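User: I'm new to this structure and would like a close look at a single part of it. Could you walk me through what surrounds that part?

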Amino acid sequence: LQVIKSTLEIDPDLVNLRLALVNLYNKKGEPEKALEQLQIADKSTATNSIIEEKLLMQYGMMKRQKEYEQYIETLASRNTVESRVLASLAMIRGNPSRANKIIDSAYNQEPTNKKVLGAKVISLLSQQKYKDAFNFAEKLLSLDANDTFALTSAALALSKSDGKQEAIRFLENQSKSAVGNWAADYVLADHYYSTREFSKSVAHIDDALSKSSFNQETTNKAIEIYSAMAGNESKNGNFAKAKKLALEAVQLAPARTDLLNQLVVIDLASGNITQAKEVADKLAQENPNSYYSLLAQGDINKAEKNIETALKYYQQAWKIRPSDKLGRAIWALTDSKAKPQFLDHWIATLPNSFEPLTLKAITYQQSGMENEALKHYEQSLSMNQRQPLALNNLAWLYFTQSKTDKAIATAEQAYAYSPENPAILDTLGWILFKQGDKKRAKELIEKAANVL
């Protein structure tokens, strides 16, 4: 940090170095200092669209609405079309009429500018002028056949105007139009990934990789797809396929500790503890105190029933990067007497997390502290309603406290989320039986018995 600051004092126009300083300040939780550096850069250097975008984002991130709006006006008054286009995109939702006028003016001034054409596409899509949006996306593609934004926008416009199959057909044709056209396969891979058609996604990202000579954009997308598919196959018990995909991801980024950790997880899930230990040991040697190295060692020791050692590694990982997933692992291994204290720590560390509140509610309910349990269930469910078992438990608490209307409504909500769960069927059935709805109660209780 000090080296960067000293270098900037000698040469304040080193934009990339100043942006590195901005990133450092943001990572350290010092956004005011990051903002100051961006303001200095914006005033002291020639107009730079990267600085402008970063400064606008910084105002937004810090919720400095007045300064954010003032800076949009500053950008709108600048001479470069890139500055004005950035201003127009920032105001396109709040003041679409003015934004579109700025974009049209910029297009008249520089009709082949890629940023201007991109803004024109966004403007037309927002106005639902899909045919025109497609035409402008094609103008972008005439400048760069591998412009992923242009391809995605063209496909979106076609999908809206002519249907999804026409959009897919367009992308397939783009893929075949030239040997070096990798972006169409990239977009198709992303599409099939989002629709969970994983085999198609992998086929297209493989093509994109080879056509692009493994450029960074396609490599990053391939890693994302391979890793997600590996996780999905592992969950389905297809461990051989999962490991193959995980290894594909590792080959593209061998230094990524999260990908190596995924290999450990897959090997452990398949019962191959020997290979899991080999990868975990490699992680420990190369990155001994990294988050994923600690996580891998925790998983290995847990599999070997070394509970205290596993807990120690998980706790060290928690200090680096606390998360609900890691919280669940620590809570499961923590001694029953220490669980309440850890839950308090979890709540304090991740105040927006519903999971520790639910666990605390369950603990209170099991201890007979119904009012505390009720309060914590309500607090947890206010953060995330989609917790059928928490809703079920709360419904029962309402029922025991004679809050019958709330009990029925809450039990019905739990049933809507999980209509095959026997505990939920039983709770709703019993409450309805007590309320006199014996016919439906009988149906629910019989269904619960059949599920069991």
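User: Where is the place of Val187, and what is Val187 in contact with, leaving aside its neighbours within four places in sequence?

Analyst: Val187 has its place in helix H12, which covers residues 183-194. Keep in mind that this is a predicted model. Val187 has a relative accessibility of 8%, so it counts as buried, the cut-off being under 20%. Leaving aside neighbours within four places in sequence, Val187 is in contact with Thr148, Leu151, Thr152 and Leu171. As for Ala208, its C-alpha is 9.2 Å from that of Val187, with the two residues 21 apart in sequence.

Let's follow one of those contacts, Leu151. Setting aside its own neighbours within four places in sequence, Leu151 touches Val187 as well as Leu141, Ala145, Phe170, Leu171, Gln174, Ala183 and Ala184. Leu151 is also among the residues with the most contacts inside the largest nonpolar core, along with Phe170, Leu171, Ile205, Tyr226 and Val264. That core has 88 residues. Another core, of 24 residues, lies apart from it and includes Leu374, Ala395, Phe399 and Leu428.

Now over to Ser175, which sits in helix H11, residues 164-177. Ser175 is at 9% relative accessibility, so it counts as buried. Once neighbours within four places in sequence are left aside, Ser175 is in contact with Asn181, Ala184, Asp185 and Lys211.

Definitions and conventions: Residues are numbered from 1 along each chain as its sequence is written. This is a predicted model: local features need pLDDT of at least 70, side-chain atom pairs count only at pLDDT 80 or more; totals for chains, interfaces and linings use all residues. Side-chain values use heavy atoms; hydrogens and water are left out. A nonpolar core is a set of buried Ala, Val, Leu, Ile, Met, Phe, Trp, Tyr and Cys residues joined through side-chain atoms within 4.5 Å. Buried means under 20% relative accessible area, exposed over 50%, partly exposed in between (1.4 Å probe, protein chains only). Contact means heavy atoms within 4.5 Å. Helices (H or I, at least four residues) and strands (E, at least two) are DSSP runs, numbered from the N terminus.
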